[in-house]
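Please keep the sequence and the model in view while reading the points below.

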Amino acid sequence: MPDGKVRVQTGADLGSPPLNVQLTEDDTANMEVLAERLEQAGGTDSAIDPKMAGLLIGQGRPRVGRCDDTDRLVRGYRDRRLNPRQRHAIEQALGSEASFIWGPPGTGKTEVVATVVEGCYRQGLRVLFLAPTHVAVDQALHRMCDLLSAEDGFDAGLVQRAGDIAVPSLAAKYGEQINPDLIADRLATSLDAQIGRLTTDLAPLAAGITRHEEAAAASVDRKRLRDLVDSLDATADEAESEAYTASFNAQRIRQEIGRVGASTGLFAARKEARLRSLHAELANADYAYETFSRRADGARQDRSRCAADLEAVEARLRPLLETVSVLPAIGRLQAEAERLQRQLKQMRDERQKVAQAVRSRCRVMGTTVPKAVQSRALMSTVDVVVIDEAGMVNLPSAWCAAGLAGKRLVVAGDFRQLPAVTHGSGDWKASSEDKTHSRFWMDRDAFHAAGLVDQQGGAIRDDPRMISLNEQYRMRPAICSLVNEVAYPDSPLRTGRPDGSRLPRSPLIESPLVLVDTSSRVLNGTGREAHKSNPVHEAAVHELIRGLQYDTVLPARKWKDLPEGERPTDRLAVISPYRNQKKALNASLTYRFGSTYEGLVDTVHRFQGSERPLVVIDMVAGAGAKLGQFYEGTGLSSATCRLLNVALSRAQDHLVVVANVDFMLNALGQGSEAGKMLHHLQRHAQRIPIEELVPVRSAADLGHLDAEELARPAFFPADEVERAVEWDISHARSSIDIYCAFLSPHPVKRWLRHLAPRIADGVRVTVHTRRHEADTREADLVKTLETSGCQVTARERMHEKVMILDDTVLWHGSLNLLAHSGSTDLMMRITDPASCTRVRHIVERARMDRPARTPWKPRSGTANERPDSAPSDIAPGTVADGRLYLAVPFGEKDDARRLAKARWDGKLRLWHVDANTPRDRIRRWLPHDA
């Protein structure tokens, strides 16, 4: 797969494009296994039957019927509280080869699916139940266990869970009965005890054998070292003898040289020859002496080391010999150990057979779709495959899972709730062909692939294979009507629950539907992601929660150890389409409840499958110039419709929507489901203007409010802002941070009159402003501020207009405090340490080290070059326009993409990353001096 794609033809008769799986860094491993399964489908070694798999995508004509003896298969079937559509779905699923159950929110799909599994079990069939997530598996499996727990063999593994249990209630009630490892442990208690005893009995035998072996090895070492010491002694003696002989010879030769004397006289030539010969003999004798002396010294040194080693071995050997002297002979120990090992192996084989027997007893197996696709075999035989939440399963995985069925396929889910998370069709690097394949195979769910839903408009088609559940029991009628308006106009849901609330009364939620309209209060954000957060909405949700706490609908900060049903997460869910706002809301509500609660605030995707009595949805839009991707889709099959459906349908008793209605309706396209939602809320919801939650105050109010009211967020009219800010400055205790991009003489002079006394009192005043050129009016004003005791920090780019006092009070809006005489519209005052910390963090992350865009300068000889050509001085290590350029070898480009999200600049022929990328990720591609 060199191009990162897998293209698989799943059968010559499929009549559709081959499966084209676009791999990404996050799911490459899973997709590679999936691709392997697809390639093997239909082969002799594959468990996937392409014919059964084809039923999932509308290929073939499955037998459709209705079971006529459901009373026999489902205990108490007539007495169960099931509506006609639910009974129809159960009976058709038990009597058909392939069934599709459309279960919108709250329609009892889980009860229907669990009953179908119960009926399949009593038909003598083995069932593989699958869902995309662990939580979805466990929620359905919990109900199946309730229905089958009285069956013979339930404790021995009739129902089993492959993989970790994610839902605590399932683990607590049925964990020991459905976890195959725990079942085997329970059934093999006596075997485990015997294995433990044998293991205990083997330990001293193994220790004794080890001691014998250690003593034997030490004895061998002792003999070897003794022999070596003797050998080195002999070597040293012999070398010393040879050295002595050489020394004696040298002395003799020297004496002979003395007798010969000088080479003079009548026999001078003969003497000269004799002396040369003697000197040569002397050199040989001296060399021999030195050689044998060194050999003797070396042997003596080696002998000393060996003697030390011998002493250490003898010291180790003595206690070993004492130990083994009282032990049985090693032969007896080995014989007994071998006998126990044979018994232990036999016991372990029996233990393995228990585990295998437990798995063979499984009649209902529950696990996730990925595990079923990636595992070789979870059950010896699979007769029925039930895929729940099928709308969230990518089509290739669903196809593989369906192919595991031997006799029956049941697909359940809602194609108007969250789809599978895919990447291929939105990958800008993918070719048009790849995107087409990805849209066909990865972006469609089983309902669309089977032809049960119109591919264009998303309307349902009348088809005998699909049964639609149409009565919901979760939402009050008013909430259900809104959900119908948005997501089910062609197949409206009925309500089968009483129209009452389980929560204490509060004037803030007198109606099932509540609309908090923020149209009259807007604080415009800055930056590309301004549409993903909204401080006005954050304040509105904060104050709404505060009011509900006051009315005892929700617990206050002081409440601890609350019983089940009264905890914040038991009653409330706060949903935001964007993570930026989710983080802000989470911090704000942590302040309100005094602790962080997992699952209280999150994005839409995290809430699929859950429900709460009270749901608050923050639509966020309004602070930025655009709506955002969340609202771009239209049509019943669009992501926008699906996301809105999930968000709205989580509410049981009360649904609160916080929205800038005017902004959204002006920006939404014709026919938008979000627009339909807002129009419906305008007609039917209890209206709460933002002013009722976040009051409009005057500066004079600040001095008369008690601590609790002073801590509430509030708006201030333009003509009250300056006096209110003066009040806050005068009450600051430790710090004042002013973020103001521009500086003007009159405002600087005016506000220094208020800031200077506070500086004298020890309050730190910091002004954050743009970097101003030297010898300008702004540069002189910076000097004035610094002379007055202010700290001034310069930033290349900034748009923020905020003021933070003591890290607890935040002024937010259009106030350029040091640049003009006042704000032009409402300002918002927030007293919340979490908001101050978050805003400060956002400001600090605003790329203070990013220089302004490099002005274009034509290169020499390039008069015709376009003005947007890249600067010629860019090189690896350069930071320009927020980019840090790198020197990436061709062979490491994939590493640069994966580790640092690097991108290629074709004009410069250089790779670049965000300038804030941690240097440890990219150090190897930077110059040494960078």
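A residue is called buried when its relative accessible area is under 20%, exposed when that area is over 50%, and partly exposed in between. The model discussed here is predicted.

- Helix 29 comprises 12 residues, 833-844.
- From its first C-alpha to its last, helix 29 reaches 16 Å, close to the 16 Å expected at 1.5 Å a residue.
- Its buried residues are S835, C836, R838, V839 and V843.
- Viewed down the axis of helix 29, these buried residues fall within an arc of 165°, so they line one face of the helix.

**Helix 16 and helix 20**

- Helix 16, residues 477-487, packs with helix 20 at an angle of about 175°, and the two axes lie 10 Å apart.
- Helix 16 is therefore roughly antiparallel to helix 20, because an angle over 145 degrees counts as such.
- On the side of helix 16, the contact involves I479, L482, V483, V486 and A487.
- Helix 20 contributes C641, L644, N645 and L648 to this contact.
- Sorted by class, the contact of helix 16 with helix 20 has eight nonpolar residues, one polar residue and no charged residues.

**Residue A639 of helix 20**

- A639 belongs to helix 20, which covers residues 639-648.
- With a relative accessible area of 48%, A639 is partly exposed, because this class lies between the 20% and 50% limits.
- Although A639 and Q417 are 222 residues apart along the chain, their C-alpha atoms are separated by 8.6 Å.

**Helix 27 and helix 28**

- Helix 27 (residues 745-760) and helix 28 (residues 777-787) pack at an angle of about 5°, with 10 Å between their axes.
- The two helices are therefore roughly parallel to each other, because angles under 35 degrees are counted that way.
- P745, V748 and L752 of helix 27 make the contact with R777, L781, T784 and L785 of helix 28.
- The residues in the contact of helix 27 with helix 28 divide into five nonpolar, one polar and one charged.

**Residue H912 of strand 28**

- H912 is located in strand 28, which runs over residues 910-914.
- The relative accessible area of H912 is 10%, so this residue is buried.
- Leaving aside residues up to four places away in sequence, H912 touches R883, L884, Y885, A902, R903, W904 and D905.

Notes:
Residues are numbered from 1 along each chain as its sequence is written. This is a predicted model: local features need pLDDT of at least 70, side-chain atom pairs count only at pLDDT 80 or more; totals for chains, interfaces and linings use all residues. Side-chain values use heavy atoms; hydrogens and water are left out. Helices (H or I, at least four residues) and strands (E, at least two) are DSSP runs, numbered from the N terminus. Buried means under 20% relative accessible area, exposed over 50%, partly exposed in between (1.4 Å probe, protein chains only). Axes are lines fitted to C-alpha atoms, for helices over the stretch in contact, and angles run from 0 to 180 degrees between N-to-C directions. Angles under 35 degrees count as roughly parallel, over 145 as roughly antiparallel, 65 to 115 as roughly perpendicular and the rest as oblique. Contact means heavy atoms within 4.5 Å. Ala, Val, Leu, Ile, Met, Phe, Trp, Tyr, Cys and Pro count as nonpolar, Asp, Glu, Lys and Arg as charged, and the others, Gly among them, as polar. The expected span of a helix is 1.5 Å times one less than its number of residues. The arc is that of the directions from the helix axis to the C-beta atoms.
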